[in-house]
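The structure is placed here for reference.

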Amino acid sequence: MSANVNHSLPLEYQTEQNRLNILGFWIFLGAEIVLFATLFAVYGVLGHRYAGGPTPSDIFKLNDVLIETLLLLTSSFTCGLAVFFMRQRNMKQLLVWFVITLLLGAGFLFMEIREFIHYVHEGATMQTSAFLSSFFVLLGTHGAHVTFGIIWAVMLIIQLLQRGLTPVTARKMFIISLYWHFLDVVWIFIFTFVYLKGMVG
């Protein structure tokens with residue numbers, strides 16, 4: 001078994017199975033890109049159909065959106081630190097920065113849920129207009145992905161505590177970091193093309 005481990009590579013790439021799994025996850029992310037590209041295209045078509053309901057400038061709160069953005073982008077940085085310490089085989093620092101990543105992600109979800117509640121109180125629901133339908137589907141899909149990522153990460157932390165840092169747990173850690181960074185990139189597009197464009201328009 002040890003003959004199949006290439007110790008000259010980063011921990012997560014040391015076995016052929018790990019390399020194949022990581023490649024497979026990149027392919028999966030390609031499918032996720034298609035999904036979000038479709039949702040962005042739908043929003044691009046329907047985003048100006050207000051049906052007499054509120055417009056983006058009526059309901060968007062820039063301060064809250066900036067806080068959400070800061071939380072999620074900071075979580076991407078801390079996730080990168082977790083992977084860095086993983087490659088240094090420093091389990092303690094890996095867990096510290098990974099837990100911080102999850103707390104930042106949870107803070108983002110809290111702010112997003114509060115944002116949605118604010119919209120509903122303002123009379124902005126999925127049934128109000130095509131703009132709001134496409135808006136809630138796009139952001140709800142992203143939020144669901146973040147929620148899944150947090151649950152996945154908690155399960156991985158349990159595995160790390162039980163099994164320690166091995167090529168297998170390192171591969172899982174690296175894959176979830178790819179997933180997390182992908183969600184941050186999607187959010188940058190949401191922030192730019194939904195929020196900023198909506199408020200300027």
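Is Arg114 buried, partly exposed or exposed? I found that Arg114 counts as partly exposed, at 41% relative accessibility; buried means under 20% relative accessible area, exposed over 50%, and partly exposed in between (1.4 Å probe, protein chains only).

I note that this is a predicted model, in which local features need pLDDT of at least 70 and side-chain atom pairs count only at pLDDT 80 or more, while totals for chains, interfaces and linings use all residues. Residues are numbered from 1 along each chain as its sequence is written, and side-chain values use heavy atoms, with hydrogens and water left out.

I next looked up the salt bridges (a side-chain nitrogen of Lys or Arg within 4 Å of a carboxyl oxygen of Asp or Glu). The structure holds 3 of them.

Asp64 pairs with Arg114 in a salt bridge whose closest N and O atoms are 3.4 Å apart. This pair links distant parts of the chain, 50 residues apart: Asp64 lies in helix α3 (residues 62–87) and Arg114 in helix α4 (residues 91–121). I took helices as DSSP runs (H or I, at least four residues), numbered from the N terminus. Through shared partners, salt bridges join Lys61, Asp64 and Arg114 into one network. The Lys61 to Asp64 bridge has an N to O distance of 3.6 Å. Asp64 is buried at 13% relative accessible area, whereas Lys61 is partly exposed at 37%.

I also recorded the salt bridge of Arg19 with Glu16, at 2.9 Å between the closest N and O atoms. Being 3 residues apart in helix α1, Arg19 and Glu16 are separated by about one helical turn.

Definitions and conventions
Helix = DSSP H or I, 4+ residues; strand = E, 2+ residues; numbered from the N terminus.
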